[in-house]
Amino acid sequence: MKGLVLAALAAVLAVSTVAAQAPKGWKLRVDRSTSASDPDGAGTIKFEAMGQGFHATNPQAATYFNPANTATGTYSLKGSFTLVKPSGHTNYYGLVFGGSQLEGAAQEYLYFVVAQDGTFLIKHRAGDATHDVQAKTPHAAVQKPDASGKSTNVLEVRVQADKIDYLVNGTTVHSTPKSGMTAKTDGIYGLRVNHQLEVHVDGLTVGKI
């Protein structure tokens, strides 16, 4: 299937609806870099349905979501992420959950992501501000790229009544209580891919636990 070229939007708050050939109802929200020392790559974002999953090519960072995809109560959110093309420095990709108002200025969500240097990161986003739930942390469970430049990591978030477990390749790498920044877990789920990355995602599923 031919990839759909999605024009990178000028405003940080801009949201685009993915065209018909891609998964129905999916949208993206672009986050442009404002750092002169860490600029966005050239070109436009591509997001396409490929096989049973999705393929994202990100010169700019983006959050991908379908407003109809929600999870509430106790649940497991899981996906297999293959880094196809690493960037020249550390950039993160992974799961978004507990999202609300993702198309407006009051966006809020949690995200659990990994990077090619073998670290993971858990953050909370509110509007344009982000807050570390767990700062970047190395863990042996996070697979680094092999000689071909590729790596595959299965990420999972297990939301329970009083805590959240974060797993990489079946290993719990961190846990947080359901309080403070991680109190709100009901909402939209989706994907996060930072700039200068190419990532393939399979098996994005949510289910009760």
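This is a predicted model: local features need pLDDT of at least 70, side-chain atom pairs count only at pLDDT 80 or more; totals for chains, interfaces and linings use all residues.

Guide: Of its 209 residues, 49% count as buried. The chain exposes about 8900 Å², of which carbon and sulfur atoms supply 53%.

Visitor: Why is Ala 61 called buried?

Guide: The term requires a relative accessible area under 20%. Ala 61 has 7%, and therefore it is buried. Its place is in strand β6, residues 61-71.

Visitor: Which residues is Ala 61 in contact with, leaving aside its neighbours within four places in sequence?

Guide: Ala 61 is in contact with Arg 29, Val 30, Asp 31, Ile 45, Arg 192, Val 193, Asn 194 and His 195. For Ile 45, 16 residues away in sequence, the C-alpha to C-alpha distance from Ala 61 is 8.6 Å. The contact rests on a different criterion, heavy atoms within 4.5 Å.

Visitor: What makes Ala 105 exposed?

Guide: Exposed means over 50% relative accessible area. The value for Ala 105 is 54%, so the residue is exposed. Ala 105 is found in the loop between β8 (92-100) and β9. Its C-alpha atom is separated by 7.7 Å from that of Asp 128, 23 residues apart along the chain.

Visitor: What makes a set of residues a nonpolar core?

Guide: The members must be buried residues of the listed nonpolar kinds, joined through side-chain atoms within 4.5 Å. The largest such core has 39 residues, and Tyr 64, Phe 97, Phe 112 and Leu 191 touch the most other members. Apart from it lies another core, of 10 residues, including Val 96, Leu 102, Tyr 109 and Val 113. In soluble globular proteins, nonpolar side chains tend to be buried together.

Visitor: Which residues are in contact with Phe 112, beyond its neighbours within four places in sequence?

Guide: Among them are Gly 94, Leu 95, Phe 120, Leu 121, Ile 122, Leu 155, Tyr 166 and Val 173.

Visitor: How many cavities are there of 30 Å³ or more?

Guide: The count comes to one. The largest cavity has a volume of about 30 Å³. The term cavity applies to points where a 1.4 Å probe fits but cannot get out.

Visitor: Which residues line the largest cavity?

Guide: The lining consists of Gly 98, Glu 108, Tyr 109, Leu 110, His 124, Met 181 and Lys 184. Strand β9, residues 108-115, gives the most, with three residues. By class, three are nonpolar, two polar and two charged; Gly counts as polar under the classification used.

Technical notes. Residues are numbered from 1 along each chain as its sequence is written. Side-chain values use heavy atoms; hydrogens and water are left out. On a 1 Å grid over the protein atoms alone, a cavity is a set of points where a 1.4 Å probe fits but cannot get out, and a pocket is an open set with protein on both sides within 12 Å along at least five of seven lines; lining residues have an atom within 4 Å of a point. Grid points are joined across faces, edges and corners, and a volume is the space filled by probe spheres set on the points. Helices (H or I, at least four residues) and strands (E, at least two) are DSSP runs, numbered from the N terminus. Buried means under 20% relative accessible area, exposed over 50%, partly exposed in between (1.4 Å probe, protein chains only). Accessible areas come from the Shrake-Rupley method with a 1.4 Å probe; for residues, only the protein chains shown count as cover.
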